[in-house]
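Please read the points below alongside the coordinates, as a colleague's note on folding elements, packing and backbone geometry.

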Amino acid sequence: MELLNVDINHAGYAGNKDVIKNVALSVKTGELVGLIGSNGAGKSTTIKAIMGLLSVMDGKVEFAGESKNYAYIPEQPVLYEGLTLWEHLELAAAAYEIERNVFVPRAEELLKLFRLTEVKHHLPSTFSKGMQQKVMLILGFLLEPSVYVVDEPFMGLDYRGTRDFLAHLNQARSNGAGVLMCTHILDTAEKICSSFVLMDAGTVVARGNLMEIREQCQLPEGCLSECFDKILENN
Amino acid sequence: MMTVTGLFFQRIISGWKYQYQVWRTAVDWIVALYIVIPFSAIFIDFYLSWWRAAPGWLDYIPLSALTAIILVFAWSGTVRIFVEDADQLFLLQCKAWISRIIKYSLGYSVIYNLAVTSLLLIILAPFLLLHYGFSFMGVVWLAVFVFVLKSCMGLATQLVELHFKGWIKRIVRTVIFLITGRICKAKRGSFVKWQGSVLSVNVRTLNHFQSALI
């Protein structure tokens, strides 16, 4: 079952209207789609277009699934200066109408998982980058959405944080959620993603699972980064 | 659990706390003791004396000077929308929350503008009543006019910031300033008529403003 369907003709900003062109992708139940590419390939712009955060957007974005809701975990943590970590969670719960008797145990469990229980009444603006990134992950998982849209989640996360994040993400996938993950760390993407959308110069240059990508670039034993290099050379 | 109203008031209190801290950095107790308190006392003494008799220097200030004061005062007005960067993420799928925060912000700005306009007119009242021959109702109507004009200017300024950039923004701002100047030059007897048209523009601007932000 498709949870997210994206078909963008072109999108961008007021000064540059065609940052990305002809980008189409879909995310199915239990799937982890890696949106990969070099710096400036248009990955984050694609994510912003999907989230409706761009001033110029010609295309279609459809969220399906039972709840039709999604969680967006941005590359740069965005937090309120004056709210504590717990208040952030309370705000998200109130805005997304999560019952208190559901919210409290779920939030406590996530805080424990990411080892932030002791600082739950502190201001996240005083946290390190990695801790702030964990707050964003907790907020995403708190909503238990049908689609996770994650932009460069490994930036700033330590080994244990990355491991816990991936474990929880896999659990969400086994419960039927789909994930669109934007990253330029190809080694990790190759290990965890079920399929890939390769971007370069603002457009999609290849798509499919690793086998299909290998076929496209005629590297039957190649790793993702080698396939990616070959595809860029051919383009 | 947190509510929209609770979140909005939290932001107002946080904004006031910030303003207080900025004020405290400029005015420590020495500045307060030797400058702010003595000057406030002198001003209050002068103000009370203006109610007993209009000061002589007013003879050199024509009524048209009032236009400049009103123009600058109305132009300095702004509408503060208590929407923060993180709302784009936290309330991405909750347009109703954003919409209510904007509505509360507009209400707050209206009350704030009403308070500062009243304060300005209370300060000018002895000059208007004792020297320029305004009636009490004339001062009240002038206060209403200035309040509506100031609110309208605040909304217009925000709309210009949202829709225009660079030199076009400067041209639009200049045109609005000139139109405001024309409104302010209206004679005292025409205030009620102007007020009606400004109010009507204000309502239309308000509707447009909300739809532009949501």
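1. Basis of the note. This is a predicted model, in which local features need pLDDT of at least 70 and side-chain atom pairs count only at pLDDT 80 or more, while totals for chains, interfaces and linings use all residues. Residues are numbered from 1 along each chain as its sequence is written, chains are lettered from A and ligands numbered from 1 in the order in which they are written, and side-chain values use heavy atoms, with hydrogens and water left out.

2. The three-stranded sheet. In chain A, an open sheet with antiparallel pairing has the strand order E2-E1-E4; strands (E, at least two residues) and helices (H or I, at least four) are DSSP runs numbered from the N terminus, and two strands pair if DSSP finds at least two bridges between them. The edges are held by strand E2 (20-28) and strand E4 (56-63) of chain A, each with a single partner strand, so one side of each has no neighbour in the sheet. On average, neighbouring strands here are turned by 5 degrees against each other, direction ignored; axes are lines fitted to C-alpha atoms, for helices over the stretch in contact, and angles run from 0 to 180 degrees between N-to-C directions. Strand E1 (residues 2-12) of chain A pairs with E2(A) over eight bridges in the antiparallel sense, and Ile8(A) has Val23(A) in E2(A) as its bridge partner.

3. The six-stranded sheet. Chain A also has an open sheet of six strands in the order E5-E6-E7-E3-E8-E9, and its pairing is mixed. Strand E5 (70-73) and strand E9 (203-208) of chain A are the edge strands, each with a single partner strand, so one side of each lacks a neighbour in the sheet. Strand E6 (residues 147-151) and strand E7 (residues 178-183) of chain A pair in the parallel sense over five bridges, with Leu180(A) in E7(A) as the bridge partner of Val149(A).

4. Helices across that sheet. Helix H1 (residues 43-51) of chain A lies across several strands, including E5, E6 and E7 of chain A, and runs at about 145 degrees to E7(A). Helix H7 (residues 210-217) of chain A lies across E8 and E9 of chain A, running at about 120 degrees to E9(A).

5. Nonpolar cores. A nonpolar core is a set of buried Ala, Val, Leu, Ile, Met, Phe, Trp, Tyr and Cys residues joined through side-chain atoms within 4.5 Å, where buried means under 20% relative accessible area, exposed over 50%, and partly exposed in between (1.4 Å probe, protein chains only). Leu89(A) and Phe165(A) touch the most other members of the largest core, which has 105 residues, and helix H2 (residues 85-95) of chain A gives the most to this core, with eight residues. Beyond its neighbours within four places in sequence, Phe165(A) is in contact (heavy atoms within 4.5 Å) with residues including Phe114(A), Phe141(A), Phe154(A) and Met181(A). A second, separate core of 27 residues includes Leu120(B), Leu142(B), Ala156(B) and Ile176(B).

6. Helix H2(A). Of the 11 residues of H2(A), 10 are buried, among them Trp86(A), His88(A) and Glu90(A). The buried residues of H2(A) pack against helices of both chains, including helix H3 (100-113) of chain A and helix H1 (4-26) of chain B.

7. A helix pair in chain B. Helix H5 (residues 95-131) and helix H6 (residues 136-163) of chain B have axes that come within 9 Å and cross at roughly 140 degrees.

8. Cysteines. The structure holds zero disulfides over all chains, a disulfide being a pair of cysteine sulfur atoms within 2.5 Å. For Cys193(A), the nearest cysteine sulfur is that of Cys182(A), 11 Å away, and Cys193(A) is buried at 9% relative accessibility. For Cys227(A), the nearest cysteine sulfur is that of Cys217(A), 3.5 Å away, and Cys227(A) is buried at 0%.

9. Positive phi values. Asn22(A), which is not a glycine, has a positive phi of about 50 degrees; Asn22(A) is found in strand E2 of chain A and is exposed, with a relative accessible area of 55%. Glu152(A) has a positive phi near 45 degrees, and this residue is buried at 4% relative accessibility.
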